[in-house]
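Subject: Structure for you to look through

Hello,

Here is the structure that was promised to you. Please keep it open while you read the notes that follow it.

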Amino acid sequence: MNVFRIVFVCFTIFIIGSLKVTTVDASEHVDIEGYTDISHSDISVSFDNLNDPNKLKWAPFDKSNLLKEQDGTFWIHIPITHLDIQHQDQLRLLVYPSPSYFEVYQSNKLIHHVEDVNEKDPITKVSRWHIVTLTDASEDVYIRMKGSIPEHYIAGTESQIIGYLLKTDMIDLISIIGFFVIGLLTLLLYLYNPKFRILIYYAFFIIIHFSVWPLFTYTHTSQLFFQISKTTQFYITVTGQVLSIALLLLLLREIIEERYRTLVKSFIFGYLAVGFIGIIVTYFYNQFVNVLFPTLSIFILINIILALFVSICSLKRQKNIELIIFLSGLIVFILLEISLNLSVTGELTKLVHFIKMIRPFSIVLPGAFIIINRYREADRQVKEYADNLQQLSKKLEEHNIHLEQRVAERTGELKEANRQLEESIQERMAAAVEISALEERNRIAQEIHDIVGHTLTTTIVQIEAGKRLIIKKPEQAIERMETSQKLIRKGLDEIRISVRLLKESEWNYDLQQALQHTIEESKNYAGVQINSSIKRLPSLSMIQKNVIYMALKEGITNGIKHGGARRFYFSLERENGMMTFQLKNNGTSYEQQDFGFGLATMQKRVESLQGKVQILHDNEWNFILDIRFPIVEG
């Protein structure tokens, strides 16, 4: 998570620095690397409706007069011969925006003709540029046109004109590419942690509103990379506008109070329905576009008012720093949008470039702050959860140590009682009742020891795994901690059950099912591999069942805890009147002469059934616990 955060912040700083360094106003340069930006003062205009340019009356270029005659046909005279144009060979002329109808003449000959058959279609009124190949660089150019008035006339070779377009769009292209990468990084963060839905809304909002939509709306170079029709460009632009507002509202929905989310969701669906229905109607009836844009503008205004309203209501109920940051960014974004439109109308080129540069960050930076804040909070909760579980595990381990001490004390008492009973037959009869009670307590204590030992072993494995995952994959770490918590609670429940199970009738359980449950539990929680072969079992007494069940638990626990085993094989079958129990593992070999506490207690249990416990090994298995006792059906 920290790596993604560092990359995200560093890339944002890089984009800001790049935009400041590459800020270029192409309109201030008459000549850029061989290009010639033909000034309006060098151009003449004529409104005479004649076919011969030599017979026309020319006047200086006046945009206000051209706007009055925009519905009619007029002529433009470009004095190529009087301009200092480099690279006369293969000369091209860039006209932007391209009129719906124009004819280009040189030497009284028609050299280029463009006519848009759908010029009255409002959908096709999209600004495009056009490159005209001039036949003779020594002859003036006359253009007869109708429709939109071109603002720019650029003369040069084809490669120079393309370079001019790229330089003109430099700020926009860097912004588009930069925010597209930021959107992809955010999308990767969502794939890394799908629980944060705000990430996917944030990613698609950045990609659509600050990359796709600007690319097809106001960049000149999009014509170089994407050969699409004006109609397609129109629908991409409108669809991007509809989706951008919807995604912005979805972002807001993730941070406002729960009670307002249904209301915002309803407005989102309503806006999307109006937008896409309007697009579909426009597809079949083009003139509906004159209704579509005012309608969308009204709904956008309503949604903005709604966003401000629910944000203020949420802030009144709870001071949410995320909402304050997002609301501040939204207000700045709205003010910048209004300023941008006013600057475009007033032809304030520098201000337009500056607003385009800073406008995206009014939404991007608050969104980045919210995402980082969410991740920091999640990280804090995971660490706090892990600390609580470690404390709980420590207490349980202390309880287990104390229990082992008590078991050892009881065992010592039992040995002392046996020694005293051996000294005197008479005393033995008197102490028979006390011995029986001590044995029962010792059996219960050992069962509790086996249960706690098995639970602790699997719990420690889960906690260790959670420690390793807590930084890189906090969600999996939480799952590990929750599993540890379940194991600890289950161990406590089994301790209580063991204390209650004093009567033989209460131990009349399904042994085979209990063994399979222990095996599956160890595989799932301790991360070990256990293969088993349990044949059909005869009818067994309570004591026989108890010996087999506890031996399996103690054997798995000892194998993991003391032998470091990761692979087990368990078999249980009836063979020649004997019950044969074998638990094999690939841990370290057992080299001690005397059994430890657990194995010693297990041996006494088996010997009480006239059985035998052996520790073996072979070429494949380093440790084999072998238990055999004659069958006495209960």
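Helices and strands are DSSP runs numbered from the N terminus, a helix being H or I over at least four residues and a strand being E over at least two. With that in place, S107 can be located in the loop between β6 and β7 (109–115).

The model is predicted, so local features are reported only at pLDDT of at least 70 and side-chain atom pairs only at pLDDT 80 or more, while totals for chains, interfaces and linings use all residues. Residues are numbered from 1 along each chain as its sequence is written, and side-chain values use heavy atoms, with hydrogens and water left out.

Confidence

pLDDT is the predictor's confidence in each residue, from 0 to 100. For this protein the mean is 76, and 79% of the residues reach 70 or more. Residues 17–32 have a pLDDT below 50; this stretch has 29 contacts in the model beyond near neighbours in sequence. (Contact means heavy atoms within 4.5 Å.) Residues 425–433 are also below 50, with five contacts in the model beyond near neighbours in sequence.

Sheets

Strands of a sheet pair through backbone hydrogen bonds, either parallel or antiparallel. Two strands are counted as paired if DSSP finds at least two bridges between them.

V95 stands opposite Y153 in β10.

Another open sheet has six strands, ordered β3-β2-β4-β9-β6-β7, and the pairing is antiparallel. Here β3 (59–60) and β7 are at the edges, each with a single partner strand, so one side of each lacks a neighbour in the sheet. Strands β2 (residues 44–46) and β4 (residues 74–78) pair in the antiparallel sense over three bridges. S44 has H77 in β4 as its bridge partner.

Backbone details

Most residues other than glycine have a negative phi, and most peptide bonds are trans. Which bond is cis in this model? A cis peptide bond joins Y96 and P97, with omega about -10°. P97 is found in the loop between β5 and β6 (101–106). S107 has a phi near 55°, a positive value in a residue other than glycine.

Helix packing

Axes are lines fitted to C-alpha atoms, for helices over the stretch in contact, and angles run from 0 to 180 degrees between N-to-C directions. Angles under 35 degrees count as roughly parallel, over 145 as roughly antiparallel, 65 to 115 as roughly perpendicular and the rest as oblique.

The axes of α4 (residues 170–192) and α5 (residues 197–217) come within 8 Å and cross at roughly 160°. The two helices are therefore roughly antiparallel to each other. α4 passes α5 in a left-handed crossing, a term used if the near helix is turned anticlockwise from the far one by less than a right angle (right-handed if clockwise). The contact includes F179, F180 and L187 of α4 and Y202, F204 and F210 of α5. By class, it has 18 nonpolar, four polar and one charged residues. (Ala, Val, Leu, Ile, Met, Phe, Trp, Tyr, Cys and Pro count as nonpolar, Asp, Glu, Lys and Arg as charged, and the others, Gly among them, as polar.)

α7 (residues 230–253) and α9 (residues 289–317) have axes that come within 10 Å and cross at roughly 15°. That makes α7 roughly parallel to α9. The crossing of α7 and α9 is left-handed. Among the residues that meet are F234 and V238 in α7 and F293 and L296 in α9. This contact divides into 13 nonpolar, three polar and no charged residues.

α7 also packs with α8 (residues 258–284), at an angle of about 175° and with the axes 9 Å apart. α7 and α8 are therefore roughly antiparallel to each other. Their contact includes F234, V238 and R253 of α7 and R261, K265 and F276 of α8. It has 16 nonpolar, four polar and three charged residues.

Regards
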